[in-house]
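Q: Could you take one part of this structure and look at it closely, explaining the terms as you go?
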Amino acid sequence: MNEFVETLLDLPWQTCDPKPAYDVVIIGAGGHGLATAYYLATRHGITNVCVLDSNYIGSGNSGRNTTIIRSNYGIPESVRFYQHSLELYQGLEAETGSWIMHSTKGQIWLAHSVTTARTEQTRALMNAACGAQTDYIGPDQIKARCPQIDLTGGGRYPVHGASYHHEGATARHDRVVWTYAQGALRAGVHVFQHTPVTGLVKDGDRVTGVQTPRGTISAGVVLSAVGGHVSTVAGWAGVRLPIRTHALQAFVTNAYAQEFAPIVSSNDLVFYVSQTPRGQMLIGAEYDRQASYRTATSYAYLQACSAKATTMFPFLSKLRILRSWAGVCDVSTDFSPILGHTGVDGFMLSTGWGTWGFKAIPAAGEGIAELIATGTPPPLIAPFGLDRFANERAMADPSSAGTR
Amino acid sequence: MLWIECPNCGSRPFEEFRYGSVFPVTPDAITDLDARNVDYAWMQDNIQGVTLERWFHESGCRRWFTTKRDTTTDQFLPLDD
């Protein structure tokens, strides 16, 4: 957080040092950690909560994503969960009075083959059955919504059709983080930046607190809302996770002077394009193949991703790449999040957010807050427990992740 | 740009190579057979540091080889390191 930001937002930071004990300690002050704190305070009146971050708020993957909000997933449990999250996002400005630059754009998910067309038709039907607005549309309707597209795909990737997700949206990622931080701080939650957690405190098998350079903090419940390093944190509690950490790169071009209305994705080519409020074209694709904790970007990625994007959108070749970045994503082996109990008393998780974490911030925060307050996972997040792997209830949905 | 030491071709650019996998290790502490199967099928060591891995020199000699890599820097290390 710099001074310019603080003049825009009223973030009533606490002035004290961390207390020796809290009801709930949340590791990671990104969107997920702060949303959980916000909903604990506003929905359940639990304000004796502390959120810790090794850096500044939103400095991890909350500040490194591509800000897409959508619910057009491939399994019913996911569609319902993300649809609820999408609706919470739609109401977040009214609820908090804080502008998150939410903009409903619609998402076009292109099919370049008969097989993919069938997948997208199935997606549309499945989404409609579970409460998300998705239709299958033909090339003419795609062209009407997005005139810049080359329907022949450079002669190599012809467009057969697409699933169109009406409520696909974007929001400003930083503002989402600040909004939840503001709401939590105003309710009396403590948020400590630059306070890394260096270990967990255990009493027998139970996790009872965290260790930090500012002292040990006891907690009734410790929640890991860490992005990128969760295997390390869970390892301190003796919990093994079905997670591999990969770097995901993305980039923006200089400003495109015309409107590019929708979000466009392609599962065959694996890339997605949208326009930021500043007019820049935001382009991303799959995560790096090798597991890695390095947030470096590579020329090879920019080259490969640009080749795919310009194949479908020739106008992009006239723009210049302005900047690129990478985040480290905790990709679960069944491509669904991992939420709730871990089998270790006093230690909970909100992780496995891979490349689909930003859109889930409100629903996951609300669900985890209810779990902490009541002890029972609400129906929307119950299918995503860590025990699903041992119970043969994996929530496999790789084709909806927009990556591979 | 990162350079990788291929045992057959010497030092070559990172982009010529393709990641294979890590060597999955189920901890000895897990003794129950079902639990070991679950661990083998799903769980990952996801080491933040030096791992032992298989890589494929796709745009080169097209041979698989075993190497050590630091996942925090992507630097490749000699096997006997």
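A: In the hairpin formed by β18(A) and β19(A), 5 residues lie between the strands, and among them Gly343(A) takes a positive phi near 90°. This is a predicted model, in which local features need pLDDT of at least 70 and side-chain atom pairs count only at pLDDT 80 or more, while totals for chains, interfaces and linings use all residues. Residues are numbered from 1 along each chain as its sequence is written, and chains are lettered from A and ligands numbered from 1 in the order in which they are written. Helices (H or I, at least four residues) and strands (E, at least two) are DSSP runs numbered from the N terminus.

Leu339(A), for instance, has Ser350(A) in β19(A) as its bridge partner.

Another glycine with a positive phi is Gly131(A), which takes about 100° just after α4(A). That helix, covering residues 114-129 of chain A, has 16 residues and reaches 23 Å from its first C-alpha to its last, close to the expected 22 Å, a span given by 1.5 Å times one less than the number of residues. Buried residues of α4(A) include Thr116(A), Glu120(A) and Ala124(A), buried meaning that 20 or more other C-beta atoms, placed from the backbone, lie within 10 Å of the residue's own. The buried residues of α4(A) pack against α3 (76-96), β5 (107-111), β6 (134-137) and β7 (161-165) of chain A.

Definitions and conventions: Two strands pair if DSSP finds at least two bridges between them. A residue is buried if 20 or more other C-beta atoms lie within 10 Å of its own, exposed if 12 or fewer, and partly exposed in between; C-beta atoms are placed from the backbone. Two residues are in contact if their C-beta atoms, placed from the backbone, lie within 7 Å.
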